[in-house]
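Please open the structure in a viewer and keep the sequence beside it.

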Amino acid sequence: MVRRMPRLWMSGWLVVLIACSGSDSSTDGVAFPPEGPVSGEQGKGSFTFGAATAAAQIEESVPELDWYVWTKPAPDGLGMGEGFVGDAVRGFELALDDVALAVDTNLDAYRFNVSWSRIEPARDQLNQSAIDHYDGVLDALTAAGIKPMITVHHFSSPVWVDDPRRDSDAPCTPSDTDLCGWNDEAGAAAITEELAELGALLAREYGDRVDEWVTVNEPINYFFSAYGTGSFPPGRGGLFDLLDEAAMQALLDTVERYAGAHVALYDAIKANDTVDADGDGVAAHVGYVVNVVDWVPARNGEISDDPADITAAENLRYVYHQLFTDAFVHGQWDGNLDRTIEPSEERPDWAGKIDFLGVQYYFRAGVTDSAVFNIPIISGFPCFAGLPITEACVRVEDPTKCIPTMQYEYAEDGLSSILEEFGALWPNLPMTVTESGLATEVGRRRSEHIVRSLQQILSARDAGVDVRGYYHWSLMDNFEWDLSFDPKFGLYTVDRDGGTYARTATEGATTLAEIAGNRRLSESMSAELGGVGPMTPEAADAPAMNEFCQKSGL
Ligand SMILES: [Ca+2]
Ligand SMILES: [Ca+2]
Ligand SMILES: [Ca+2]
């Protein structure tokens with residue numbers, strides 16, 4: 001196996017070469033420091049440029065994957081979501097070509113996800129060829145000098161974890177073919193054990209090349225969708241359940257089990273990745289990634305100053321942004337969301353089980369107290385794509401900020417304000433923006449998003465926040481879960497319709513490659529693409545515009 005040279009040494013040479021080149025670029029704009037570890041003293045001040053993907057969104061699907069069963073048309077599958085995942089963008093077959101895309105983009109790092117469904121298609125039966133496949137990906141990344149970051153659990157599970165074909169009301173006893181899911185107490189304990197075994201396996205197999213690990217992805221978002229509204233497999237719950245206090249508390253209790261799975265994964269990876277791949281003295285940096293939203297108080301489609309709406313927005317921020325991370329920083333689980341830790345909510349063995357926090361930012365959205373129904377415990381209702389509570393949705397002032405395929409509004413400055421908030425909440429917890437991106441058909445908009453996101457991160461760094469990198473979502477166009485293939489998030493487009501699956505660089509890829517290659521955001525690029533003003537408009541023939549884009553006359 002190829003081992004990479006110590007990264008700081010290489011980066012040091014790069015800096016020397018640039019400094020000696022005599023180019024004017026050395027004083028133009030803002031310089032980014034060399035990349036470094038995602039946590040620990042040695043990585044302080046470093047900056048990593050990366051891109052991210054998830055297995056279920058890019059790989060040819062397998063029948064053992066819950067999203068396969070969920071989206072495959074009836075009668076073989078359940079026909080849910082906007083379309084069948086099928087062979088996605090053939091990210092399994094083309095994995096090494098996609099590593100080359102990361103190289104072309106001058107990236108320091110690639111965050112990807114191994115498919116649990118491929119590696120363990122049946123409980124405790126491992127597929128060695130799948131394990132070998134990711135070995136090959138890691139070898140290619142290592143040979144190219146690209147730092148891997150592995151996500152263990154990213155919005156998808158093998159069918160045997162919680163078979164989506166089983167009726168949610170049917171009784172379930174955990175078995176090897178169906179563990180009954182996270183909302184079954186015994187089942188959740190078994191799934192946690194299985195995930196920890198998977199984490200241990202990955203750490204043993206890949207730890208010699210991987211030092212940076214993400215346990216779970218966007219837990220609140222995932223559980224809200226998979227066990228709250230039921231829009232993701234296994235499709236438990238439903239909107240009505242969200243309005244029932246007992247059902248809402250049960251959902252929060254289910255989320256706590258997933259927090260326990262993070263801790264089990266943290267321990268398993270720490271115990272089994274014993275090789276320090278990059279020479280910083282740490283074999284495994286382990287964190288999780290949180291989805292953040294610039295939640296604003298709203299009423300009747302406008303930003304609200306009503307105290308009830310302000311409280312509703314604060315409550316949503318608390319459950320979305322703070323609950324999970326507090327659990328591992330402080331060793332607690334505030335499962336009733338009352339911001340007080342009762343003795344029964346102490347989890348001392350969870351304390352410190354987080355080395356870094358991945359922050360994932362996409363949009364701004366409203367939260368209201370004025371909806372016909374409030375979500376109990378949270379005491380508010382968010383504007384969320386697909387939820388029929390439009391009182392919470394704030395009309396955009398600038399229609400160029402509408403993201404029509406996702407039905408939300410991009411707001412640049414939410415990123416820096418949330419990073420600064422988190423820096424104040426958890427001053428000793430290093431952060432990396434492990435995802436941010438924009439669904440668009442217009443490459444120019446993607447370039448603007450990249451430059452603006454970097455400016456927001458730089459602003460947080462200037463304010464003293466320990467944020468160490470930016471991973472663009474996503475490397476290439478992919479399967480956007482229940483929305484199927486319409487939203488295009490890729491630095492590279494994929495020719496699915498033509499059946500060639502060829503990847504083509506968008507203007508966003510060119511922009512990111514230039515910034516990452518020079519390790520510099522030039523003044524001209526900042527002036528041309530940056531700021532918080534209007535963006536290049538979406539294509540006129542883009543898929544259906546959001547109601548609020550339309551109200552604004554777009
Ligand atoms: Ca390692
Ligand atoms: Ca290391
Ligand atoms: Ca409490």
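**A loop between two strands**

Begin by selecting S370, which lies in the loop between β8 (356-368) and β9 (381-382). Here helices (H or I, at least four residues) and strands (E, at least two) are DSSP runs, numbered from the N terminus. With 18 C-beta neighbours inside 10 Å, S370 counts as partly exposed. A residue is buried if 20 or more other C-beta atoms lie within 10 Å of its own, exposed if 12 or fewer, and partly exposed in between, with C-beta atoms placed from the backbone. Next show R299, D309 and E391, with which S370 is in contact when its neighbours within four places in sequence are left aside. Two residues are in contact if their C-beta atoms, placed from the backbone, lie within 7 Å.

Residues are numbered from 1 along each chain as its sequence is written, while chains are lettered from A and ligands numbered from 1 in the order in which they are written. Colour the protein by pLDDT, the predictor's confidence in each residue, from 0 to 100. The average is 93, and 92% of the residues score at least 70. Now select residues 1-24, where pLDDT stays under 50. Where pLDDT is low, the predicted coordinates should not be read in detail.

**A pair of helices**

Select helix α7 (residues 185-206) together with helix α10 (residues 245-272). Their axes come within 8 Å and cross at roughly 25 degrees; axes are lines fitted to C-alpha atoms, for helices over the stretch in contact, and angles run from 0 to 180 degrees between N-to-C directions. The two helices α7 and α10 are therefore roughly parallel to each other, a description used for angles under 35 degrees. Residues making the contact include L195, A196 and G199 of α7 and A261, A264 and L265 of α10.

Keep L265 selected. Leaving aside neighbours within four places in sequence, L265 is in contact with V152, L195, A196, G199 and T215.

**A mostly covered helix**

Move to α8 (219-228). Eight of its 10 residues are buried, among them Y222, F223, F224 and Y227. The elements covering these buried residues include β5 (212-217), α9, α10 and α11 (307-331). Just after α8, select G230, which takes a positive phi of about 80 degrees. Continue to P234, in the loop between α8 and α9 (239-242). The peptide bond from P233 to P234 is cis, with omega near 10 degrees.

**Further backbone features**

Another cis peptide bond joins A74 to P75, with omega near 5 degrees. P75 is placed in the loop between α3 (66-71) and α4 (95-104).

Which loop holds N106? N106 is found between α4 and β3 (109-113). N106 is not a glycine, yet has a positive phi of about 60 degrees.

Finish at W481, in the loop between β13 (467-473) and β14 (492-494). Phi of W481 is near 50 degrees, a positive value in a residue other than glycine. W481 is buried, with 22 other C-beta atoms within 10 Å.

How values were computed. Predicted model: local features only at pLDDT ≥ 70, side-chain atom pairs only at ≥ 80, totals over all residues. Parallel < 35°, antiparallel > 145°, perpendicular 65-115°, else oblique.
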